[in-house]
Amino acid sequence: MSDPRFNGLVAVVTGGQSGIGAACADRLRELGAEVAVFDRDAAAGDLSFAVDVTDEQAVADAVASVIAQTGRIDILVNSAGIGAAGTIAENDNAEWRRVLEINVIGTANVIRACLPHLIASPSASVVNVASAVSLTGFPNRVLYTASKGAVLSMTRAMAADHLRDGIRFNAVCPGTTETPWIGRLLDSADDPSAARAALEARQPHGRLIAADEVAEAVSYLAGPRSGSTNGVALSVDAGIESIYVAD
Ligand code: NAD
């Protein structure tokens with residue numbers, strides 16, 4: 001269902017070609033926003049840009065093209081990201097640099113490029129896709145956790161820096177969400193159906209989270225309805241962060 005409060009707003013969604021980002025792009029369009037997708041796998045089109053978020057010039061060019069086509073950017077959803085598994089002993093520095101480059105510096109890069117346009121917007125909102133690991137220690141995820149902890153901490157710092165600019169910065173922290181990313185993870189397991197059962201069992205409600213459920217939270221934070229919500233981490237994790245699940 002559309003919401004008149006989104007009419008005329010323009011959103012940029014990174015990672016918008018797949019999974020959580022694609023669900024966010026669909027939901028924001030459904031609500032009435034015009035949506036530009038920045039994704040390294042995007043098929044180039046009117047508001048679809050094949051952009052690596054770590055490439056400063058490519059991001060600047062894509063932002064300039066969105067402005068040329070629409071005249072504004074009001075909403076930015078940063079969903080582009082990659083995963084990493086392992087303990088501190090298992091990822092080398094090259095892997096640390098690769099993951100931090102995309103998940104942290106890539107996010108900063110896109111926000112910086114959009115900033116002047118967000119400052120000019122009467123309804124500016126940035127939503128960063130962090131993770132349940134930003135709030136709770138999970139085994140075997142130290143590098144990914146460092147990257148998503150940084151995403152959450154920088155969200156709060158930017159919320160403070162840009163309060164007077166009228167830009168809100170919030171994060172969503174999803175638990176394991178049914179996306180092509182998780183599909184790839186399961187496909188690479190020795191026993192994909194046992195691996196899926198283990199992932200489902202890790203969720204307090206016994207199932208994976210739907211990308212649409214994350215998109216609903218993102219669209220709430222992105223739009224004017226959440227105008228008094230700033231600097232929060234909204235968990236979409238079935239309770240991982242907040243409830244103790246007794247056997
Ligand atoms: P996904 O792999 O389905 O989608 C990620 C998208 O990001 C892809 O389209 C990919 O092309 C794009 N991307 C990756 N690196 C990029 C780069 N350098 N430049 C531009 N685009 C790039 O994954 P997803 O599960 O939808 O994950 C989206 C976000 O949600 C990620 O930031 C991830 O960390 C986060 N997240 C996912 C889960 C989960 O369980 N799926 C849980 C918590 C958080």
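Colleague: How many salt bridges does the structure hold?

Modeller: The structure holds eleven salt bridges, a salt bridge being a side-chain nitrogen of Lys or Arg within 4 Å of a carboxyl oxygen of Asp or Glu. This is a predicted model, in which local features need pLDDT of at least 70 and side-chain atom pairs count only at pLDDT 80 or more, while totals for chains, interfaces and linings use all residues. Residues are numbered from 1 along each chain as its sequence is written, and side-chain values use heavy atoms, with hydrogens and water left out.

Colleague: Which residue forms a salt bridge with Asp 3?

Modeller: Arg 225 does, and the closest N and O atoms of the pair are 3.8 Å apart. The two residues come from distant parts of the chain, 222 residues apart: Asp 3 lies in the segment before strand 1 (10-14), and Arg 225 in the loop between helix 7 and strand 9 (233-236).

Colleague: Why can such side chains pair?

Modeller: Side chains of opposite charge can pair when their charged atoms come close.

Colleague: Turning to the overall fold, how many helices and strands are there?

Modeller: The protein has seven helices and nine strands. These are DSSP runs numbered from the N terminus, with helices (H or I) of at least four residues and strands (E) of at least two. With a radius of gyration of 17 Å, close to the 18 Å from the globule rule for 247 residues, the protein is as compact as a globular protein of that length. That radius is taken over C-alpha atoms, and the rule is 2.2 Å times the number of residues to the power 0.38.

Colleague: What about domains: which ones does the assignment give?

Modeller: It gives domain 1 (4-174 + 210-236) and domain 2 (176-208), with bounds from an automatic or database domain assignment. Their C-alpha centres lie 24 Å apart.

Colleague: How many residues are in contact between them?

Modeller: In domain 1, 14 residues are in contact with ten residues of domain 2, where contact means heavy atoms within 4.5 Å.

Colleague: And which salt bridge is found across that interface?

Modeller: The rule finds one salt bridge there. Arg 207 pairs with Glu 213, the closest N and O atoms being 2.9 Å apart.

Colleague: Which helix gives the most to the side of domain 1 that touches domain 2?

Modeller: Helix 7 does, with three residues. Helix 1 (19-31) and helix 7 (211-222) each supply at least two residues of that side.
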